[in-house]
There are 2 protein chains.
Amino acid sequence: MTRQIRLALRAYGVGGPGQHSLWKDPRVPKNASIDIDWYIAQAKAAEHAKFDALFIVDSQFIDATYPPHYLNRLEPLTLLSAVAVHTRHIGLVGTLSSTYNSPFNVARRFASLDHISRGRAGWNVVTSFDTGTSRNYGLDEHLDYATRYGRALEHVTVVRGLWDSYEDDAFPADVARDVFLDPAKLHPLHHEGEHFKVAGPLNISRSPQGQPVIFQAGVSEEGRNLAAHVAEGIYAPGGTLESTRDYYADIKRRTAALGRDPDHILIFLGAQPVIAGTDAEAHRLSREIFDADNDFPRKLAAFGRAFGAYDFSQHDLDAPFPDVAAHAERSGRTRGTEIVRRAREDGLTLRETVLAFTEYRPSPFTGDPRTVADTIESWFGAGAFDGLNLGFRTHEDLDRFIADVVPLLQARGRFRTEYESDTLRGNLGLPVPQNRWTRAEALR
Amino acid sequence: MTRQIRLALRAYGVGGPGQHSLWKDPRVPKNASIDIDWYIAQAKAAEHAKFDALFIVDSQFIDATYPPHYLNRLEPLTLLSAVAVHTRHIGLVGTLSSTYNSPFNVARRFASLDHISRGRAGWNVVTSFDTGTSRNYGLDEHLDYATRYGRALEHVTVVRGLWDSYEDDAFPADVARDVFLDPAKLHPLHHEGEHFKVAGPLNISRSPQGQPVIFQAGVSEEGRNLAAHVAEGIYAPGGTLESTRDYYADIKRRTAALGRDPDHILIFLGAQPVIAGTDAEAHRLSREIFDADNDFPRKLAAFGRAFGAYDFSQHDLDAPFPDVAAHAERSGRTRGTEIVRRAREDGLTLRETVLAFTEYRPSPFTGDPRTVADTIESWFGAGAFDGLNLGFRTHEDLDRFIADVVPLLQARGRFRTEYESDTLRGNLGLPVPQNRWTRAEALR
């Protein structure tokens, strides 16, 4: 069979329509971000089109002085649980920070979602990097970089251990023998590590997928290593064909080097297609959207994200780029360090730096439906991704992609016309992990 | 209008049917506790009958050696979120421990449920008292008694503060003025207390009820004080008419002494009605159920709960009652201390003590439908409760109560025939708390 492209929908409305000019669009309800019907409608549309998953991003901090407000959002697990009982096939991937949630709570909430959705849960593991978030959890400063990733790896390890608390046949519910639970099939974890100490067992049986699917979005050196160790899906940043192919090859190589099958880590490239009747029209539209969303104050605020939501408005825009290297380093993002280096090398002012790093770059998936389908197919063929993590501005934009682009991919044998399975693992072609205790027993 | 009785349904199946003999009943699915359809069906039945709320208990610890296993349960918030989108009127009250969940996460998860349910969320605040649970959260021993309650009070205070992060009109979304969020209506919390330090604001707008409804279940001195300070609903333990009236009067008195309106704290008495064609038949059935669920090992294990899930099977049953006073005290439950005192005074063996404290006591709500309705009405009239928190063994038992008892209460004007409101506050007759910042502004 031709190798197939995976499609995920990054839900829109998530952070509140206030984060860009979209809230002024009369087609978008002002309260879309907290209206569960809005998400259920998106999930149903994506499921009707046979998408692999709905993906919910998250952030735990808002600041009224920060123009692209990440505000007024539903909590991802309650959101996805509501979507679960109005859908049957589409995967449900929620973002949850390993920095401020205990492994026991994370394990049980995702296991619960996996039971409620009957095998469609995925966890997008993130680490929280900003001081604003840490102040909501009793800390003055966020955890440093190495601590955050070491802790994240141990966190996921504990969660997975807890998900194996029960073997698949732990609950015979055998009336004749008077055995509801077979205690020999229940396994406490007794984890004692550098960051966590968790006894277990979990208080919920093994879920339909064995374990929910682990997603991650590592870009830095540590992030890529974490991904190679634990991720089964990756949300990769967009870029040029060259940069995305490099990223793809690097992740697959690191994964294989750890003895894992590189086919069991699927890379979803972030993509925001802009589709119109002609290529020229699509490019005009794309530029128009960019300009509407990117007046200078918004650019300045968005720019600050690479420095841990640093507020650059306190500096003179026309003075040399300020000394924020420490913020860049602490943020744990490679982008900040790159910006600092270039600003110094080129002797740029703050304004020049902001403009250089927030210049208009159209999505490679801009054009008429055929151009978009062609580009998707050629990038996929060139090894830039296994799937796309698609973002749209409105429901109409999603509908247009579904109506006009998906059939082209299907006609070329690049996208499914029916779901292969009722579980996310089944549809992604990922194996169900055997319970570690059952495996240990089999090896004995 | 005649004062009305409130009815809540304590969902069954919650802890797994393995916790008593029920799993052998062919009418009960073996996986009922993790089957979301089972809960949705209960909620719909209770909503059809105009019940005030569905109530989900929780525990975060299981032990395979502990016969009445509290095992294999869905996490309450994911469960209720799924129920929310298949119901329209019934309140949704979930249990969440203040001991092992940060205030920021609790606040946003319940605010999210309140948005998803469009105003029907309630939080049953519990403190976790057993060593088994603490070991799932990185601690060797649970927090001591005073710390737990002091921390709980501060926790709820912080959560409520976060729920007031936005005034009701904080999001004008005014296109003409280009104002999505009015920053003057957003209020960080800047809380710095003994146990928590939380900056805020929350990342979700004020929810339809203003604040989700706070429930509690305090029995000890500290528990009753916590309830009087923060609770709007109380889950009270069953007992004799005298003991329940005393409890009721005590809570109302404490609440009034704090300057709160005692009508704004509703006491729900735990009740497990047993209904049959005749009183005699109901009492026979009640005894039969008790005997099936209470062989001696189960009694012994259940008995250990009053001592923080202490395992009494390690002691000689026929030796004098062991020295477990420290466990009783640490558990934070008054019952353990009472047991220790009586065992000493009467010079009882362990076996005699267990039997004395686990003797058969039929529910006062046992009988034919008229007897049960009469008893409910007379206890209500005598000031034993504002509402009942009803538990049933099977869906048939719930159906029978709805078909045969509810109409009698309605005919006597003691229970609603239509919902008064779409929100839990509205149906319970509880006021919507005014946002503290709006109030402060009005007073200025």
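The model is predicted: local features need pLDDT of at least 70, side-chain atom pairs count only at pLDDT 80 or more, and totals for chains, interfaces and linings use all residues. Residues are numbered from 1 along each chain as its sequence is written, and side-chain values use heavy atoms, without hydrogens and water.

**Barrel of chain A**
- In chain A, 8 strands close into a barrel, in the order β1-β2-β3-β4-β7-β8-β9-β12, with parallel pairing.
- The twist from one strand to the next averages 25°.
- Strands are DSSP runs of E, at least two residues, and helices are runs of H or I, at least four; two strands pair if DSSP finds at least two bridges between them.
- Strands β1 (residues 6-10) and β2 (residues 53-56) of chain A run parallel, joined by 3 bridges.
- A:Leu9 stands opposite A:Leu54 in β2(A).

**Interface of chains A and B**
- 66 residues of chain A are in contact (heavy atoms within 4.5 Å) with 66 residues of chain B.
- The two chains bury about 5600 Å² between them, 59% of it on carbon and sulfur atoms; this is accessible area (1.4 Å probe) lost on being put together, summed over both.
- A:Trp23, A:Arg108 and A:Phe180 supply 12% of the area that chain A buries against chain B, more than any other three residues.

**Salt bridges**
- Chains A and B share 8 salt bridges, each a side-chain nitrogen of Lys or Arg within 4 Å of a carboxyl oxygen of Asp or Glu.
- One salt bridge links the side chains of A:Asp37 and B:Arg118 (3.0 Å, N to O).

Note on methods
Chains lettered and ligands numbered in written order. Axes fitted to C-alpha atoms, helices over the stretch in contact; angles between N-to-C directions.
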